[in-house]
Every structure is written in structure tokens, then in C-alpha cells.
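Here's a quick briefing to read alongside the model. Have the sequence and the 3D view open as you go.

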Amino acid sequence: MTDVLSFDNVTVTARMSGRRIDVLRDISFSLGQGDIVGLVGESGAGKSMIGRVISGLLPDNFSVSAGKVSFDGKNLLALGKSERRALLGRRIAFIPQEPLSALNPVRTIGSQFSEHLRHIGIERSRHRALMIERLTQVQLRNAEEALQRFPHELSGGQCQRVLIAMAFAGEPALVVADEPTTALDVMTQAHIVRLIAEQQKQHGTALLFITHDLRLAGHVCRNVGVMYAGDMVEFGPAASVLKAPSHPYTKSLLAAIPELTGPRRVLPALADHMPGLGTFAGLGGCRFSPRCATKDPSCIATRLPPRMVGAGHWVRCAERCEAAGNAQLGDLISLPASVADAPAAVAFDKVRLSYHASRGFLGLRRSRFDAVKSATFSVQEGEILGIVGESGSGKTSIGRLIVGLERPSAGMIRIHGQERTTGAVHLTHRDTQLIFQDPQSALNPRRSVMRLLTQALEVGESYVPESERRPVAEALLRDTGLPPDCLERFSSQLSGGQRQRVNIGRALGAKPKLIVADEIVSGLDVSVQAHILNCLLDLNRKHRLTMVFISHDLAVVRYLCSRILMMHAGEIVEEGPTEAVFSNPQHPYTKALLDAVPPDNADRPWPPVLATDSAMSALR
Amino acid sequence: MFKSLINVAARRLAGAIPTVLLLSMVVFIVLRALPADPLALLLPPNATQADAEAVRKALGLDRSIVIQYLIWLRDALSGDLGNSIAFREPVTRLLANSLPATLELSFVGLGLALLISIPGGLLLYGARGTILENILDVLVVCMLSIPSFLWAIFLLLGFGVMLGWLPFSGRVESGIVIPDGTGFLLIDYLVTMQWGYWQNALSHLILPAMALALGFSPLVIRVLRSSLLESSDDHYVTVARQRGLSERQIILAHMLRNSVLPTITLIGAQFGFLFGGTLLVETIFSYPGIGNLMVQAVRNHDLPVIQGVALVFCVTTLAINTVVDILYVVLNPKLRRA
Amino acid sequence: MSSSIPSSAALKRERPPSATAEALRQAIRSPRVVIGGAIVLAMVICAVFAPQIAPNDPAEQDLLNMLLPPMWAEGGSIDYPFGTDSLGRCILSQMIFGARVALFVGFVAAIGATLLGTTLALISGYFGGWIDRVISHLVDLWMSLPPVVLSVTLMVGFGTGVGNVILSIVLVDWTRFCRVVRSEVMVVARKDFVSAAKLLGFGNVRIILREILPSVAPLIITLFTLQVGIGIIVEAILSFVGLSVPAGVPAWGQMIAQARNYMYQAPWGIILPIIAMFITVLGFNLLGEGLRVTLDPRLRKRNI
């Protein structure tokens, strides 16, 4: 039986600033009929680039310089543009990431679906019936009504269902899902993954599943390929690759992912980060070797061919290096201890935060939206409290209430014993700092790292004249693990992880007693995430820093926090020590959330047969 | 959707009334309070002492500025905007005769501008990355540097005088009867099926309308092109390409629709620019509209006319802005459920 | 957490830091900036050194040589390189001296409009709330009248004179500045680094001056440059209508208006000042456009 898709030593080269850079090197893998293969790797590893090779939509200056891509026996690369376009949508379909922005906002769902059906050759009279049938198949409620809606009127999950319906409408032989659930909430992710799996089985389609989430790939895919800096460093059956990884990178990647169960150990964090395109030229051999524990000189110079290590499982690494990367088990973590008999650092008492919007004729009617309904909790000095919830749960609002960027509409907030009054925002409490989620927006692009770190010294009681600021900046660099030579750089020259560290450093510069970290590791690569989490643990231990850690990622929260709050739709639904809540959840929402996370162990069944859609919506 | 449309219209209307009042107040103060001797601006040169006294009484020039304004307002609300000093006619009649001409000219000018700029913007976008783009870009910058009144002079000298292809004075050839109707000649002649006269009116409109259009087009070309460039990078466009749609299909069926919105916003925001261009364009082409009227009034120190024309410009611009706002809500699905 | 590879190699990115020196270097590489800047410089030199450059006194009337054609045409003379107008005044000299009025009005009015518009935009965009509503209503009110109509009306009230022209341009065009800069200010003010500055105890004035103003500075520079060109055009329009400078002072708009009466016999009288105006405004537009592209990182040619 011919493979549906096969890559044979495909190399993609880019012409950048006069140089030729191999963006993808010698990529080889294949997909049989009905097969599911996962491409995993951190951002920038090249997984999406493989998708672009298939669609033929490479950026300018990029071209396939070697190798063959066959689809259903045909050489995909030899096809002309219009021939390729004839395949797309019909025989090869894509499920994109960020579903909310993947549809034209000014056209209805129905008109775009219809346009797609026209493209794949279905006559117009059959469109309506077919669309309703397909949308019902993907469990989109009120399918008929949905046709008249615009994308912004649907949720992310609903938009993704529409896109999945469109992808499978042409009965394609191959579907490429490019990070289809990254932008979605954990529970929606579970639904969507199950949906894709069902459709795939039903139509017998081959599925190429691209994701950065190794655990997810382990549950969904039969075979998994691990990408690093444009190379495929390991490929094999999912169980084999994830339980007995051979490549040092795969090993370190797996080790750095925090677990939801089992003993808590320090996450081993690899130094540095994956090289960017600009540095590929200098790395002729194995691109992982600078970070590898073995540092064999031959690794740096020569590229190794794939070596079989099991049934259908190969790795690009020398046999002698196999022992490398067998990370030492980290030390057990002790829970951050709280200072006994200290007043609560944070005390919330029936706090409500409401927004008002004008609606109706001439804007005369006012409606109230409660971001936080009635929150009562406290944070002890020295502890790390986790606040978990999905988007819209109110967790960010709580963070902003703590630091004073928002004023409560009702109720009382005490920070370190002092009361925060309702009324106009008046920020004089520098001892509570917030680390923002998006480092792009959180760092002034016109300030150098030096000026960012020492920003707290420019005003107020801690004012220090400019000439004396450098030692402070250097101390902050050490505290956050930034390299010493980056003081003169600007945020546009830093990697995501480094920007986040500058973010932390700036907050530390104000010598706070309490830090709120709002989703600061979401969107970061796994190894960088591990670094930052360890950094936070260090700071908490060294400086007795109280922390409130806001996240939607349960495993991360478990790693860091001794106590957690679960939030849903503006309310705290459950509260308690982390282990207790996770092992014995009381509230149905907590239970559902825990069920929806891909378990650490790839053998456990997932996605679970979840409660039906209507039960889910009852919780919203 | 209709609820939100009525909402928008009502809100606009509610806001328009104080705006017109305030603006009329500003204009009034500028023209009455600032000049050293307003009386001189309100009397013909050969006025007698008795005339001067009568005017002083009628307009309350010996009383406070507030009372003067209220007198003017009271008269204006009952349809009396005073009499033109130069023409000795009620201002309202002068305005009624010339406003349709200017509106007709502006709309034809806007239409021509769209005819030029939409293909122009598409062309500029399609040429991206090529040398043609640079050439067209420079062309657009050059066009931006030529205000409509200069275009008017060029067109008049070139097509009017030197080539003699088109007439360059008035609305129709002298001797042709202007019918009583809407005041829009293109409509009136169409309705009465007087093709000869219709053609004549059109040929008189072309040069001045072209002048307005050429002054306005580069702005629209710019906005259209930059919004097309931006939406080319949008996620949904990439996804549409992945579905196999051709570039042409994507531009026509997707990107253009999204680019309509910022273009309409620009037209609304800059309509005043086009409209104000009629002042000089009409003067240069001796076209009898309110722009021409205003320039003459300025030369004649004819205060009541200046005031009346300013008011009319203001009301018209507000009306157009309202229409644009409504159009924007109609076309932007995100605003439809208010 | 140290690594064996020097971080500077690993950190190498394509784009250089956004320091002013770097921005200027980029700017010089743009042909638009160079050409536009050259034109502007030439015009400034013309204006400053007008008495030295002009062949004749622009006000001097030579009634024996009225409506003389330019020197390259039949009947022209070297004494009057571009010919004379209906009162025998040298056209070239008038054009050169006209540059003085044009540039003076353009620059000063642009400075005024920039200061007024930007200040209100910063206040309005940063504070929001009722201040924003009041200022926005004011801007909307002001923009309900077509700009030309408003400036003509103001000039009727003020009376002629260069100072009044500048005043009326400032009073009309500040609204455009305010509107455009305000949207940009609003975008920047919503960014997290502004909230971060507040958390560090920065006062409002400090935030506006240190965090927000530098971010909108490129936009302001571009708008300023374009505004000079607009000011020149408005001055020409006003002098065409007779509301600008007194009759004796040479101004391009006036030249055009007067030459219009003799357009058919002596077209050069109207064409030449038009060309002067066009080239000057073009220079400012090129410069402004070039600056906008170089100073706004989003518009730079993408590498990948």
C-alpha cells in the first residue's frame, strides 16, 4: 500500500542577507493510510515549516533545495501552482491554529463554507444541506443558525469545529493539523482533540498532527517525530519515543515537563535555548551539541545519519552518547513554607469587581458584568499561592486587584495589614508588584535592559542617581539568570524567555514583598519554562518573597504552589493544599478540568469520554 | 440590525444639533465680534446714515454679542438668514440656488475619485515588490502634492483652452434653460429625457469634478493599498490560501471586503477636504455653486452670505458624516448587534 | 545558569536597536528622505538668501516690460529670466521671495499645530474619561466645517496679515494632529509597560513624557513634516482669495491669482509659481513619507 505522504530527505534552504541557510535538513518520514503522525518540538523548530512545504506556501526566499515529497504516489514538488491549489482543500486539508482569526470576520460562516464547497466541486444546490449535516457531525449546536453568524459571534472552540468540518468536507486523504488546540482552553482542547480523532477514524484520513505538547502527541498519535532546529532528531512509535527516548534532547524535553502526579522533583533545565535561524550557519553538525552533555567534538562537525534503536524507531545520535541526557533525578522539592504567626500578606473579603456597559437605545440602559463575583481568601507571607482557571474565570482580575491596578467595586482588600479602599486608583504600594503575561507589551521597546531593570530606581524613596545604578542592575541580572552582556540590549533583541526574565527583574528592582505573576510561562518553551519556574522557587526561598501565581496550566501550578484556588466564571469554586485538591477534587468543575488535562502516563486513556456538551455548558 | 442603525442615526442627530448651534455661534463671534467695525462689513458702500441706523437697530449691534446672536438665531430658525449686501437678495434664496450645484459637483467628483482610486489601489497593491510599485508610489506622492485648485488650473489650461475638448465655464451653455426640479441637472434632464441638455451639463461637470477627484484620489489609493497590505498578512488570508483559493479569488472575495471599512472611514473623515476644495475649483471654472458664492462674498465683504454659506457647509458635512457612520455599521458585522 | 557559548552569538538578531543614531542612519539610506531633504534644503536656502539670489527687486515695477516671456522664449530678456507679470515685476524674483512667506508660514504654523494638537492628544489619550470626551467633542466640532471654509472664515474675522494666516492655520489643523496622535497614544497607554511604570510609582506626567511621548515621536515628526506642505498650500489658497498677505508682499498664491487674468496670453506667469509650489510641497511630502517608513519598524521591508 503506497504511503499517503512521504518526505524523502527534504531540505529547505533560505536566502537571508546573502547567505544560504538550511532551515530544514534531510527530513524523512511517512504516513500511511489512516495513520496519525505527530510532529513535536518547541517553537521555531521547523514543524510548521513542514506544513508549508506540503501546501507549497513557503515564504519568499525559501525553497526546497533537495529531496522529494510524494503524496499519493505523485511528486508534490513537481506540481505547478494551479495543480497544487487543486489538491488543497480537496485531497489535502489543513486545520489551522488560532481558530478565531482563521475566518474572515466580515463574512458569515455559511458564505465561507459555501465558498469552500464550491472550490471542491460540490454543486450549489447541495451546499446548504451538506453544511448543516457536516456541522452537526462536529457537534456544533444550532448548525442552521450558525450559518448566518459571523466568526466573532462564536467561541474559539466553535470556530475550530467549523474549520474541522470544512477540512473533512472534501473527504481528504491527508489532514494537517497545525497546533489546532494551542489557543483553546484545556477543556475545549479535550473536546476538539477527540473530535479530530473521531473524524479521522470515520473518514480513514491520514493525519499529521503538529504540536509543541509532547504529552498530547503521545495520546493522540501512533508515531511521533521530534524536531529541533530544523532537524528531525528522533522518530518512532509514540510509546517508544516517550517512554524510552534515545536522543538527549528528547530526554531533556520530557524531563523538563512538570508532572501532575508523582513526587515533585526539581525540573532539570537545559542551559541556553534552541538556536535561531541566524546561527544555523555556524552549526554544521548536530545542532543540539552546544547544549548536549557529551560535547563530543565529532558531533559538532558531522551530521549523523539515522540509527535504528527499536522497531520503527530511529535517532540521529551516536551510540556512545546514548547515556548522555539521562538526567539525574532532581532533588525533591520542599513546599514553600509560610511564616508562622505572620499576618496574612493578602486578605480578600467578599470582593467584587464589576464593569458597566451602556446598551440599548441611545446608550441609556446600563448593564453590569461581574468579573469577580465575591472573592474571599487569604495568602500567608512566604507562601506561593496558585490561582487556576480558564480565560474569563477572573483570575487576572484578582491579580490586578491585589496590586492595585483595579479597585474593588465592593468588599475589602487588605495588603500586609493595610486596607485598600474603594474609589479611584492610587498606586503608591511599590511593595506589591505584578509580572505581566506578554513580555512584548510589558517592556518598553525604547528602553535598554539596563534602564528597564533599574526603572524602579528612577523615582520615589529608592531613587538612585543614574551613575550609581549599574551595580543594582548587575545584581538583578544574577538573580534572574540573565547573561551579563545583555545590559545594553533592547527587548527586540532578546528571546521570549529572556524578556520574561527582564520582566521579573524589573519587578524585583522595586524590592517588593509580594509578587503576582500572571501567566508568565504560558507560551514559553518547555526548557525556558523550567528555568523560570526554578528561578521563582529560588527567589521565594532566598528573599522570603510571597507569590501569587496565576495560570491555566495545572502541572505548572502543582510544581510551584503549596496552595491553590480554582476559579470559574468569577467565583472561587475550590480552595486548599495543592495535592489535596488534585488528588481529591470536590467541585465538579475541578474534576472536569483535571480529567481534561492529558495525563502524564501515555497509557491512560485520553481524551476521556467527557460529559456531553450540554453538561459542560451548564457549568459555564 | 435595524435597531443599531436607528441607534446610530438617533445618536448622531442628537449630537448634530448642539454641534450646529455651537459652530454657528463660533462663526458668528468670529465675524461679528472680531472685526473692528462690523457695520462696515454689513453695509453696501453707498449706504446712507439712515440705512446704517436701520441695520444697527435690526441686528442689535448696539447690544451685547449674546443678544445679537440670539436675534440672528431667531431669524435663522424662521428661515431668514439676512440679505446679501452685494446682490440685494435674501441669503436663503442664493443658497437654495447654488447648493444643488455644489452637491452635484461633489458627488460626481467623489464618484470619479472612486473610479480612479479603487483600480489604482489594487494596481499598487498588485505591483508590490516590483519596480512598478516604486514608480507608482512616486506618482502618488506627486499627486498628493497638487491641491485640487492647481489641478483645476491645469485641466482648464490643458483640456479647456489648449485642446478645447471640454467646456470650462458654468454649468451649461448660456442660453440653455435650467429647469425647476431637484436642482441636480443630471437628474432633471434625465427625467425629462432632454439628452442634448443632459450631455451638455455632463460635459460642463467633467473638468471641475476631475479636479476635485484628482485632489482626493491619492488619499483613497493610499488607504486602500495599506489596508490590502495589512490584510494580506492576516491569518484568515493565509488559511484561505491553504484551502486552495487563488490569489485573485482571495483579493476579490475576502481582502477587498475588509478594506472597504477603513476606506469608508477615510472618505467620511476627509469628505470635508473634498467639499472644501469646491471653493477654489468653482471659482476657477466660474461654476455657480456655494463655493463660488463664498469667494465672491469674501471679496465683497458680504457678511450675511459668508455666514450663511459657512452654516450650509457645516450642516452638509454633518449630514454626510451621519450617512458614512450608518454605512459603516451596515458593513461592519461586529457593530451590528448594539 | 551560565552557558558555554557566548550569549551574544546566540542572541544575534537581524534588527539593530532603536536608538536615534541608528534610526538616522536608516533614514539616510532612503532615497525619499535624501531627495525630499535636498529639495527642502534648497528652498530654505532660497528663502534665507533671497536678496542675494534674486536678480531683481520683486516689488519693482517696470512698466515698459510688462508680460515679458521667459528668457528662452522669443522676446525674452536676460534681465528677467522668467519674464515679468502684468505690472512688469520680475517673476523669478517674486518666486524666490515668495518662498520666504511660504516657508515661514509653513514652519511656524506647523510648530503651532504640532504643539497644540500633540499636547491635547497626550492628555486626551492618556487620561481618557471625561477629559477625553470633552476634547474629542471639541475636535469633532471643529472638524464639522471643511478646513478651507473654516480658515477663510477666520481670516475674514481676523483680517489679513502673515500672523493671522499662521494663527488660522494653527486653529484649523491642530484637530488633525490631535485625532491621529490620540489614537496612537491610546494604543501605547494600554500597553502593559505603562501599567508597570505606574506600579513602580511613576507619576502621570513622568509617564507621559518618558514612556508615551518617545513612542509617538516618530509619528509626530512625520506629521509635522507633512504639515509644513499643507501650510504652504493653505497659504496659497488664502492668498488666491485675497486673504493672506498684503498686496505688496510676494506670495505664490497671489501670483497665481493675478496671473489667472492673463492666463491665455501669458501662461508662464501662472505655470511658474505653480511649479515652485509643487516642487516645494513635493519635497516636504517625500521627506515626511521617507521618515515615516524608516521610523516605523512595522513598515520596514520584511526580511523573512
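What follows is a walk through a sheet, a chain, a contact between chains, a helix pair and two single residues.

Keep in mind that this is a predicted model. In chain A, the piece to look at is an open sheet of six strands. Chain B has 14 helices and zero strands, and its contact with chain C takes 35 residues from chain B and 32 residues from chain C. Within chain C, helices α11(C) and α12(C) are roughly antiparallel to each other.

**The sheet in chain A**

- Reading across the sheet, the strand order is β18-β19-β20-β15-β21-β22 (chain A), and the pairing is mixed.
- At the edges sit β18 (432-435) and β22 (571-577) of chain A, each of which pairs on one side only.
- Going from one strand to the next, the twist averages 15°.
- As background, strands of a sheet pair through backbone hydrogen bonds, and they can do so either parallel or antiparallel.

- Strand β18(A) pairs with β19(A) in the parallel sense, over four bridges.
- To find that pairing on screen, look for A:Gln433, which stands opposite A:Ile515 in β19(A).
- Is β18(A) covered on one face or on both faces? Both: A:Thr432 and A:Leu434 lie on one side, A:Gln433 and A:Ile435 on the other, and all are buried.

**Strand β20 and its two partners**

- On one side, β19 (residues 514-518) of chain A runs parallel to β20 (residues 546-551) of chain A, and five bridges join them.
- Six of the six residues of β20(A) are buried, so the strand is largely enclosed by the rest of the structure.

**Chain B overall**

- From the N terminus on, the elements of chain B run α-α-α-α-α-α-α-α-α-α-α-α-α-α.
- Along the principal axes, the C-alpha atoms of chain B fill a box of roughly 85 × 55 × 40 Å.
- Chain B has 338 residues, and 39% of them count as buried.
- Among the contacts in chain B with a separation of 6 or more, 73% come from residues 24 or more positions apart.

**Where chain B meets chain C**

- This contact draws 35 residues from chain B and 32 residues from chain C.
- On the chain B side, the elements that give two or more residues are α1 (2-32), α6 (131-144), α7 (148-162), α11 (247-276), α12 (278-284), α13 (290-299) and α14 (303-331) of chain B.
- Sorted by class, that side of chain B has 29 nonpolar, five polar and one charged residues.
- C:Val156 counts as buried because it has 26 C-beta neighbours inside 10 Å.
- C:Val156 and C:Leu243 are 87 residues apart in sequence, but their C-alpha atoms are 7.4 Å apart in space.

**A helix pair in chain C**

- Helix α11 (residues 252-259) of chain C and helix α12 (residues 268-295) of chain C have axes that come within 8 Å and cross at roughly 155°.
- With an angle over 145 degrees, α11(C) and α12(C) are therefore roughly antiparallel to each other.
- The crossing of α11(C) past α12(C) is left-handed.
- From α11(C), the contact uses C:Trp252, C:Met255, C:Ile256 and C:Ala259, and from α12(C) it uses C:Gly269, C:Ile270, C:Pro273, C:Ile274, C:Ala276 and C:Met277.
- By class, the residues of this contact divide into nine nonpolar, one polar and no charged.

**One more residue in chain A**

- A:Glu579 is found in helix α19 (residues 578-583) of chain A.
- With 14 other C-beta atoms within 10 Å, A:Glu579 is partly exposed.
- A:Glu579 and A:Trp314 are 265 residues apart along the chain, and their C-alpha atoms are separated by 38 Å.

Conventions
Residues numbered from 1 in each chain as written. Chains lettered and ligands numbered in written order. Predicted model: local features only at pLDDT ≥ 70, side-chain atom pairs only at ≥ 80, totals over all residues. Contact = placed C-beta atoms within 7 Å. Nonpolar A, V, L, I, M, F, W, Y, C, P; charged D, E, K, R; others polar. Pairing = 2+ DSSP bridges. Axes fitted to C-alpha atoms, helices over the stretch in contact; angles between N-to-C directions. Parallel < 35°, antiparallel > 145°, perpendicular 65-115°, else oblique. Left-handed = near helix turned anticlockwise from the far one by under 90°. Buried ≥ 20, exposed ≤ 12 C-beta atoms within 10 Å, placed from the backbone.
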